[in-house]
Amino acid sequence: MELNTNEPKSLKLMIQGTHSDAGKSMFVTALCRIFREDGYRTAPFKSQNMALNSYITSDGKEIGRAQGIQAEAAGIEATTDMNPILIKPSKDMESQVVFHGKPYANMKASEYREDFFQLGLEAIRESLMKLSDKYEVIVIEGAGSPAEVNLNDRELVNMRVAAIAEAPVILIGDIDKGGVFASLVGTLQLISECDRKRIIGVIINKFRGDLSLLQPGLDWFEEYTGLPVLGVVPFLPDLEIDGEDSLVLSQYSNGTNHDAELDVAVLSYPRLSNFTDIDPLRLEPDVNIRFVKKAVHFGNPDLIILPGTKNTAEDLLFLKQTGLFDKIRSAYEKGTQLAGICGGYQMLGEKLMDPNGVESDHQELGGLGIFPVNTTILSEKKTIRSEGYCSLKDFGRISLSGYEIHMGQTASTRKAEPFSVLSGTEEGCTARDGQVFGTYLHDVFHNDEFRWLYLNKLRQKKGLKPIERSLRFRAFKESEYDRLAAHVKGSIQMKKIYSAMKTFFYKEVK
């Protein structure tokens, strides 16, 4: 298929859903891989994303995690043009707006709608134009539902974006939750006739069972709406691609799996962020991961992980109010391994200070007191990819890479042993010969050799023999992109999708 050399330069396709968690992000990821395999320079786009799991671009900018993953699936470097607006909830009724990768302002929803709308709209147009100049195919992701009638007059992420991009739209419904035909038909009835004409068909996602029993419903839907069902995609079990937000945490248990030799408790605070740091551990055969919200579920873990948070002060108070703070202190005194990442590292220090009220109204809070460090929350956010090596005792300068994203500056109150050396600078802390470590480095467990050695030392401490480990996480992710793409491609009508994209393209350039 040859592309028209006139403006605009790219084919476009938009994926919208009947509700959040319908599978939009996964479909865009799959399509990015499919178009890449079909020979097209492809880029993802999501105008406005609300998520606490973020991704750092090569130039140190922050975008939604999903768009970073989609760019990986497309085989390209992610840029802020792929997600110019990122909204990160930080307090009740308030969020940090990240604009082209940098913090713009903390805003309430009403302020965002009134004060930011026009600026956001222009940024969306500009980013789409830049991507169109560079890529042959742009796969656009919506958010929530296009039928949010209370928000549609100033929305920046669904049908308004489809109109700007002149993109055809596929509507996705999740049959696993039930009521898929009602959701699809209801969505179609609640959007305007103009917007409805953009929808080229629907896809039913996460199907389990006998397709022949579903066929009468598919026939009815096509006759009733006049729209084709472009595919019924079976449920794909055990797909290991980074989750975008806390909705995916429901897959984790808070109970102990007695078949696993290593029990890992991850503190699940209300403002938990970047929990994808834990993903490689979940795939190790001897590890059981539990996300713990209540002291009664704490148990006797072999390792406690304090992950990142969008509001360290509020989540530190959560630990104190729930009794988890005392559980952590007690486990530390008994010799349990602890690891703190980003906000979790800050909690392990002596004090957390926020004199200017950047994240909360609490100017000073006492931390767990395990590390001789204090953290001050600043108005400037540090976002950077980092490389270096681990300086834990007996780890032999194992290489580390990852990213940092934090608004806190941590300083020692007395001599402390660093966890790593990044870009020639000592970083993080350790205590009790490595019983506890804290670091600002996200993706620390994505480093295979570090993870393997760390887990085997944990086994040794427990009196277990080390095991041979082979999971290479980054290569595994690539294979998962391939698996997802093959699964989706085998279940949808790609010829019809290509045809609709070309129809919209040539209509656009006339």
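Modeller: A salt bridge is a side-chain nitrogen of Lys or Arg within 4 Å of a carboxyl oxygen of Asp or Glu. This is a predicted model, in which local features need pLDDT of at least 70 and side-chain atom pairs count only at pLDDT 80 or more, while totals for chains, interfaces and linings use all residues. Residues are numbered from 1 along each chain as its sequence is written, and side-chain values use heavy atoms, with hydrogens and water left out.

Biologist: What makes R329 and E333 a salt bridge?

Modeller: Their closest N and O atoms are 2.7 Å apart, and the rule asks for within 4 Å, so the pair qualifies. Side chains of opposite charge can pair when their charged atoms come close.

Biologist: Why is the pair E122 and R125 called a salt bridge?

Modeller: The closest N and O atoms of E122 and R125 are 3.9 Å apart, and that value is still within 4 Å, so the name applies. The two residues sit three places apart in helix α3 (residues 109-134), about one turn of the helix. E122 has 42% relative accessibility and counts as partly exposed; R125 has 38% and is partly exposed too.

Biologist: What does the salt bridge of R469 and D286 tie together?

Modeller: The N to O distance there is 2.7 Å. R469 is in the loop between α12 and α13 and D286 in the loop between α8 and β15 (287-292), so the bridge ties together parts 183 residues apart in sequence. Both residues are buried. They also belong to a network of salt bridges with E261, E284, D448, R451 and R459. The rule gives 37 salt bridges in total.

Biologist: How do you know whether S127 is buried or exposed?

Modeller: S127, found in helix α3, has 0% relative accessibility, so S127 counts as buried. Neighbours within four places in sequence aside, S127 is in contact (heavy atoms within 4.5 Å) with F45, D81, P84 and H100.

Biologist: Why do the buried residues of α13 line one face of the helix?

Modeller: These residues are F473, K477, E480, Y481, L484, A485, H487 and V488. Seen down the axis of α13, they fall within an arc of 165 degrees, so they line one face; the arc is taken from the directions from the helix axis to the C-beta atoms. Their cover includes α1 (24-37), α2 (65-74) and α12 (448-461).

Biologist: What makes a space in this structure a cavity, and how many of 30 Å³ or more are there?

Modeller: On a 1 Å grid over the protein atoms alone, a cavity is a set of points where a 1.4 Å probe fits but cannot get out; lining residues have an atom within 4 Å of a point. The search finds three of 30 Å³ or more.

How values were computed: Buried means under 20% relative accessible area, exposed over 50%, partly exposed in between (1.4 Å probe, protein chains only). Helices (H or I, at least four residues) and strands (E, at least two) are DSSP runs, numbered from the N terminus. On a 1 Å grid over the protein atoms alone, a cavity is a set of points where a 1.4 Å probe fits but cannot get out, and a pocket is an open set with protein on both sides within 12 Å along at least five of seven lines; lining residues have an atom within 4 Å of a point. Grid points are joined across faces, edges and corners, and a volume is the space filled by probe spheres set on the points.
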